[in-house]
Amino acid sequence: MDRSESLDGVPVEVREEYAELLMGSVDVLPEGELLRQLLRARSENRPLRVKLGVDPTTPDLHLGHTVVLRKLAQFQKYGHTVVLIIGDYTGKVGDPSGRSKTRPQLPDEVLAANAKTYREQAAKILDMDKVELTYNGDWLGPLRMDEVLRLTATVTVARMLERDDFSRRYLANEPVSMLEFMYPLLQGYDSVAVRADIELGGTDQKFNLLMGRTIMEAYGLPPQSILTVPLLVGTDGEQKMSKSYGNYIGVTDEPEDMFGKVMSIPDSLMVTYWSLLTGAGTREVESLEKGLADGSYHPAEAKRDLAQRLVALYHSDAAAVAARSHFDRVFKEKDRPVEIPEAPLPEEAVQNGLVWLPRLLTSLGLAPSNGEARRLIQQGGVRVDDAVVQDPATEMEADSLRGTVIQVGKRRFLRVV
RNA sequence: GGGGGGGUGCCCGAGUGGCCAAAGGGAGCAGACUGUAAAUCUGUCGGCGCAGCCUACGGAGGUUCAAAUCCUCCCCCCCCCA
């Protein structure tokens, strides 16, 4: 977007605030509105109400979710009020988006549990003491039919079909349920309920966010402005980060795992991750880019630093350092990790004092089936005390196994005790 | 209500009587290589102590020496017309 609007007469503090809020944002609409809001908020000494709605459909947040949370944290930093809406109601109905399969309707207990972990995990980024936390079931649940109808009357079908994924699916003969049409309306109604000044979301939410404006106007309220942040690309470097694509890095991932996953992103994604996930400032990101470009900053080093920084954010500096040395040890020097998890020799794997290797792997959980274990062995992916074993018929004496380290692939180790 | 098109392995998708545990792609997994769990290449990719057997192509029956493929009924999904 064009961000060259004149800042003449804008106080320096607001310029700074504005610049930081724009950083990393994709759409900030309508043009110039956010700046006006910031100025007004300042002159009236009234913080902006910044809305984010989340559906508690997954128990764990991943780094993709944190992009928008970081943006919220910036608003918070400047004294604005973050209004976090847990979509317990919308989650309960079950959004069938994208698939013909109806998404299972989540039971209350699951939603409540998800909401709880969401709060805990969001607390790593936001100051939750200052967040206004709400549940949209509080106002959507009691809505009467006539009120629902009033809501539906505010938007036309043609308008709905402007939404890219709706029209695309519609043209492709894929189902679009009425329920899905309701989602943007309910989300917009949330904005009415909390009197939002601005709503944040991923770029995929642009339509819904704009719908909030329409609906607020229909309810006689000043329409919110909207700010979108980029969707984070997952570790595969292609699709957006999502649990269902298996390309996600969870904020609760163990330090070593998180470190490793970060190391698996394509180089081309590094700068993006730095700027969207670490809270690094513009200057820091620029010098990093420069270093990578002129060769003074080795990409492998940059990625390690990135991984370390992210682990530090969600765990601790110590854990981050440990994860890094673990990674270097195991992958760079192809050595064993210092700490190897231990597991007792499973009884069921022992027959007449002998242990058949594939069965050992499955019973230790290192392979899902004997067939898979066989393949791993044949492909040279299994080591017993550093020695590759390639014969799937291998049998070993149970007693001799105790204390040995079983390795599957490059990164799974287990010591039999 | 009428007409048409579909339901295949984790996902997408080919297959219309045997050569089909089912092409191809993606994901996953393993190996090689590398600064990396990047990229690339190779292999593998239902289960079973596996040169064999079992289970599988929406569900249930049936025809056949033989069915994902043909028939019957049922369930589910999509589109068009009304």
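Q: Which residues does Gln37 touch, not counting residues up to four places away in sequence?
A: The model is predicted, so local features need pLDDT of at least 70 and side-chain atom pairs count only at pLDDT 80 or more, while totals for chains, interfaces and linings use all residues. Residues are numbered from 1 along each chain as its sequence is written, chains are lettered from A and ligands numbered from 1 in the order in which they are written, and side-chain values use heavy atoms, with hydrogens and water left out. With contact meaning heavy atoms within 4.5 Å, the residues that Gln37 touches are Leu48, Asp197, Ile198 and Ser225.

Q: Is Gln37 buried or exposed?
A: Gln37 is found in helix α2, residues 33-44, where helices (H or I, at least four residues) and strands (E, at least two) are DSSP runs numbered from the N terminus. Buried means under 20% relative accessible area, exposed over 50%, and partly exposed in between, with a 1.4 Å probe and protein chains only. Because its relative accessibility is 4%, Gln37 counts as buried.

Q: What is omega for the cis peptide bond that joins Leu29 and Pro30?
A: Pro30 lies in the loop between β1 (28-29) and α2. The cis peptide bond joining Leu29 to Pro30 has an omega of about -10°.

Q: What is the phi of Asn352?
A: Asn352 lies in the loop between β8 (350-351) and β9 (354-356), and at 82% relative accessibility it counts as exposed. Although Asn352 is not a glycine, its phi is positive, at about 55°.
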